[in-house]
Amino acid sequence: MDIDEGGAVCEQIVDAVGSGVVCERTFVERVLLGILARGHILLEDVPGTGKTLTARSIATALGLSFSRIQFTPDLLPSDVTGTFIYNEEQQEFEFSSGPIFASVVLADEINRAPPKTQSALLEAMEERQVTVDGETHQLPEPFFVIATQNPIEMEGTFELPEAQIDRFTVKTSMGYPDLDGEIELLRRRANRTERSPSVEQVLTSKEVDTIRSLPEAVRVDDDLVQYIAAIARETRNDHRVSVGVSPRGTQQLFETARAQAVIEGREYVTPDDIKQIADSVLSHRLVLTTDAHVNGVQKDSVLADVLDEIPVPTV
């Protein structure tokens with residue numbers, strides 16, 4: 001599969017997910033962006049917008065196994081990773097894998113679980129493995145987490161620490177559908193016996209591995225490499241920011257820029273690719289100062305100012 005074919009396949013995936021989920025096309029592309037960049041996705045939105053349906057539809061379109069973990073205050077790390085159970089027939093303990101052992105894992109309302117359970121995801125997200133009682137178990141390939149969090153009803157929730165938010169390649173939201181979208185949603189519900197809409201499978205597991213390798217062949221000119229680094233460094237110098245984009249964030253902007261080129265069916269990255277995805281990849285990594293919070297400064301507006309200040313290279 002070459003990059004032209006990869007771009008066509010990405011379009012088929014977006015169309016397939018769109019057949020089951022009423023949302024903006026850009027939103028599905030952002031989720032796909034994180035997958036192609038071999039990262040994880042954080043969806044933050046109000047209840048009932050279709051976050052769970054999106055994750056399940058993505059897994060179906062990619063032909064991957066799917067698992068959903070409902071995070072609650074009483075959820076234990078072993079409920080995520082699995083534990084050892086005594087086998088009476090064999091008279092020994094054997095490992096019983098938890099729901100984390102799937103290619104697409106939906107961590108639903110991740111901010112409702114205590115930090116100890118949230119941290120159970122860290123090794124899985126970073127190392128693609130889990131360790132239980134000193135024994136390491138490899139997770140399936142491909143593997144990625146789609147986590148959701150509810151921005152309302154924050155009482156009794158545990159806000160994700162900055163170190164964990166930084167591990168998500170893309171953070172995005174669906175938002176409410178427009179009038180036409182909501183009407184379409186009602187039409188889909190009418191005269192339908194199945195509760196969940198069907199989504200067509202586009203790829204197999206092996207083909208997913210192939211398409212995720214395509215960004216490695218995308219060319220990034222030196223001017224654009226410097227442009228990416230300059231954006232990250234400028235976020236650290238902004239007076240409204242106490243902690244700017246980390247080096248991990250800089251690398252992931254590079255990776256997602258190449259993934260965006262694949263989605264567009266191009267063999268090279270353009271400045272527009274970088275500017276188009278910067279908000280979804282970098283905004284959640286910024287930590288604003290207390291004064292900025294008091295003055296109602298938004299992270300996306302800070303990043304927009306940074307992008308305006310950095311000269312755009314001509315390629």
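Biologist: Before we start, what should I know about the model and its numbering?

Modeller: Residues are numbered from 1 along each chain as its sequence is written, and side-chain values use heavy atoms, with hydrogens and water left out. Since the model is predicted, local features need pLDDT of at least 70 and side-chain atom pairs count only at pLDDT 80 or more, while totals for chains, interfaces and linings use all residues.

Biologist: Let's begin inside. Which residues touch the most other members of the largest nonpolar core?

Modeller: First the general idea: in soluble globular proteins, nonpolar side chains tend to be buried together. A nonpolar core is a set of buried Ala, Val, Leu, Ile, Met, Phe, Trp, Tyr and Cys residues joined through side-chain atoms within 4.5 Å. Buried means under 20% relative accessible area, exposed means over 50%, and partly exposed is in between (1.4 Å probe, protein chains only). Here the largest core has 64 residues, and Leu-62, Phe-144, Ile-146 and Ile-274 touch the most other members. Apart from it lies another core, of 22 residues, including Leu-42 and Met-125.

Biologist: What is Ile-274 in contact with, leaving aside its neighbours within four places in sequence?

Modeller: Contact means heavy atoms within 4.5 Å. On that basis Ile-274 meets Leu-224, Tyr-227, Ile-228, Ile-231, Leu-253, Ala-257 and Val-269, once neighbours within four places in sequence are set aside.

Biologist: And Asp-273: is it buried or exposed?

Modeller: Asp-273 is buried, with a relative accessible area of 2%. You'll find Asp-273 in helix α12, residues 271–282. Helices (H or I, at least four residues) and strands (E, at least two) are DSSP runs, numbered from the N terminus. Beyond four places in sequence, the contacts of Asp-273 include Ala-257, Arg-266 and Tyr-268.

Biologist: How do I read a strand, say β5?

Modeller: In a regular strand the side chains alternate between the two faces of the sheet. In β5 (residues 104–108), five of the five residues are buried.

Biologist: Which strands does β5 pair with?

Modeller: Two strands pair if DSSP finds at least two bridges between them. Strand β2 (residues 66–70) runs parallel to β5 over five bridges, with Phe-66 opposite Val-104. β5 is also joined to β8 by four bridges, again in the parallel sense, and Val-105 has Val-145 as its partner in β8.

Biologist: Which way do β3 and β4 run, parallel or antiparallel?

Modeller: Strands β3 (residues 82–87) and β4 (residues 92–97) are antiparallel, with six bridges joining them. Ile-85 is the bridge partner of Glu-94. Four residues lie between the strands of this hairpin, where Gln-91 takes a positive phi near 55°.

Biologist: How many aromatic pairs does the structure hold?

Modeller: Rings of Phe, Tyr and Trp (its six-membered ring) pair if their centres lie within 6.5 Å; planes under 30 degrees apart count as stacked, over 60 as edge-to-face and the rest as tilted. There are three aromatic pairs. One of them, Tyr-86 with Phe-93, is edge-to-face at 5.2 Å centre to centre, with 65° between the planes. Tyr-86 is partly exposed at 41% relative accessibility, and Phe-93 is exposed at 56%. Elsewhere, Phe-84, Phe-95 and Phe-101 form one aromatic cluster.

Biologist: What about the backbone? Where is there a cis peptide bond?

Modeller: Most residues other than glycine have a negative phi, and most peptide bonds are trans. Here the bond from Glu-141 to Pro-142 is cis, with omega near -5°; Pro-142 is in the loop between β7 (135–138) and β8 (144–149). As for phi, Arg-128 is not a glycine, yet has a positive value of about 55°, and so does Asp-133. Arg-128 is buried at 17% relative accessible area, whereas Asp-133 is exposed at 69%.

Biologist: Last one: what does the side chain of Glu-216 make a polar contact with?

Modeller: A polar contact is a pair of N or O atoms within 3.5 Å; within protein, one must be able to donate a hydrogen and the other to accept it, and residues adjacent in sequence count only if both atoms are side-chain atoms. The partner of Glu-216 is the side chain of Arg-258, at 3.3 Å. Glu-216 is in the loop between α9 (205–213) and α10 (222–237) and is exposed at 51% relative accessibility.
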